[in-house]
Amino acid sequence: MKSLAAITAVSGWVPEDILSNSDLEKMVDTTDEWIQTRTGIKERRILRGKGRGPSYMAAEAVKQLCNKRGISPAEIDLLICATVTPDLIFPATASIICDKVGAKNAWGYDIEAACSGFIFALFTGAQFIETGRYKKVVVVGSDKMSSIIDYTDRATCVIFGDGAGAVLLEPDNEGNGIIDAVLHTDGSGVKHLYQKAGGSAYPPTMETVAAREHYVKQDGQAVFKFAVVGMADVSEDIMKRNGLSANDIAYLVPHQANKRIIDATARRMGISDEKVMLNIERFGNTTAATIPLCLWEWEKKLKKSDNIILSAFGGGFTWGAVYVKWAY
Ligand code: UT7
């Protein structure tokens, strides 16, 4: 039997500092009630400290991952970092993480697919295991969204937070691992969710800063409409393709952008609330970190050979679902 790429360990790290809905009430014209009913979020974490970026959080998560699995970072062959808020424009945050954790024998690179970054990176990493080329691939999603959020834009600032989560991929010969993925990109969605300035098309100038163009700009309603349909469609597609009924699925692991999008996806899949991993209430939308943070928190409930569906929708647009058979 061909080796599959199995998730053999998960880890997560979030900063201690909490930004609650009542804190936001003091910053913008909003209410705890509005935020909770429209998004399901009560609080989110914020990374403080000069010079700290996603590599800081990711390094904590990767060190924890290696400890849990009882391996040395020197054994990592490849590290892929999904992030939309890299420490620096270049080089890749993966390079910084490898240096911080002592992954001396690894090569690494970043994947930028916004809120779908983790599942895109996971499926990419899995290929290197399936070919037999590598034995240990780390996939880490880490975002410091607070660095690109406009805390005067009440419709956007309430949903995002900071955090990191990581998984280790290793070969499995028992039929468990990454089974299938349905992934999509549609660049016509760029205009609804993007950060205009800071890249090479619109380099930083006094004018771009004054115009607040270095922040996330989101047309929330438009993104919401695409997300509800996209995430539900792709989750249904992967079930059909793999002959899975709702009863066959142990958990849905959804990207945590808005509880209403998650509920719509679960309804379309026909699965009940207790099978949906949720931590949006405490962490908000941590972009590339939401899915591994859920796996980290639910790890103890998962059993070997459980069927789980990871599903995401985000900027790009990018969206997709990954079918995983849990390996431990
Ligand atoms: O993870 C990446 C992908 N991103 C997403 O999936 C996010 C998708 N979008 C959303 O989750 C929602 O669109 C938001 C949570 C961002 C906004 O919720 P919404 O229900 O779509 O609100 P809206 O923008 O349609 O605004 C409805 C009303 C407006 O007032 P009027 O014009 O009806 O008087 C807004 O001005 O709510 C107002 N509003 C607020 N009120 C209190 C917008 N933000 C707030 C706020 N507090 N924070």
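Predicted model: local features only at pLDDT ≥ 70, side-chain atom pairs only at ≥ 80, totals over all residues.

User: How many residues surround the ligand, and which are the closest?

Analyst: A residue is counted as near a molecule when one of its heavy atoms lies within 4 Å of it. Here 21 residues surround the ligand, and the closest are Thr 30, Arg 154, Gln 221, Asn 258 and Asn 285. By class, the shell divides into 9 nonpolar, 8 polar and 4 charged residues.

User: Which polar side-chain atom lies 3.1 Å from an oxygen atom of the ligand?

Analyst: A polar contact is a pair of N or O atoms within 3.5 Å. The atom in your question belongs to Arg 260. For Arg 154, an N or O atom of the side chain is 2.8 Å from an oxygen atom of the ligand. In the case of Thr 30, a side-chain N or O atom is 2.6 Å from a nitrogen atom of the ligand. On its own the ligand has 940 Å² of accessible area, and the protein covers 75% of this.

User: Which elements give two or more residues to the shell, and where does the ligand lie relative to the domains?

Analyst: The elements are α2 (32–39), α6 (154–157), α8 (220–241) and α9 (259–269). Among them, α8 gives the most, with 4 residues. As for the domains, the ligand lies between domain 1 (4–175) and domain 2 (179–277 + 289–325), because both give residues to the shell around it.

User: Which strands pair with β6, and in what sense?

Analyst: Strand β4 (residues 78–82) runs parallel to β6 and is joined to it by 5 bridges; in one of these, Leu 78 has Val 137 as its partner. Strand β7 (residues 162–172) pairs with β6 in the antiparallel sense over 8 bridges, and Ser 142 has Ala 164 of β7 as its bridge partner.

User: Is Met 277 buried or exposed?

Analyst: A residue is called buried under 20% relative accessible area. Met 277 has 0% relative accessibility and therefore counts as buried. Met 277 is placed in the loop between α9 and α10 (280–283). Its C-alpha atom is 7.9 Å from that of Leu 295, although the two residues are 18 residues apart along the chain.

Technical notes: Residues numbered from 1 in each chain as written. Heavy atoms only, no water. Polar contact = N/O pair within 3.5 Å; in protein donor to acceptor, adjacent residues only side chain to side chain. Areas by Shrake-Rupley, 256 points an atom, 1.4 Å probe, with all protein chains shown as cover. Nonpolar A, V, L, I, M, F, W, Y, C, P; charged D, E, K, R; others polar. Domains from an automatic or database assignment. Pairing = 2+ DSSP bridges. Buried < 20%, exposed > 50% of the residue type's maximum accessible area, 1.4 Å probe, protein only.
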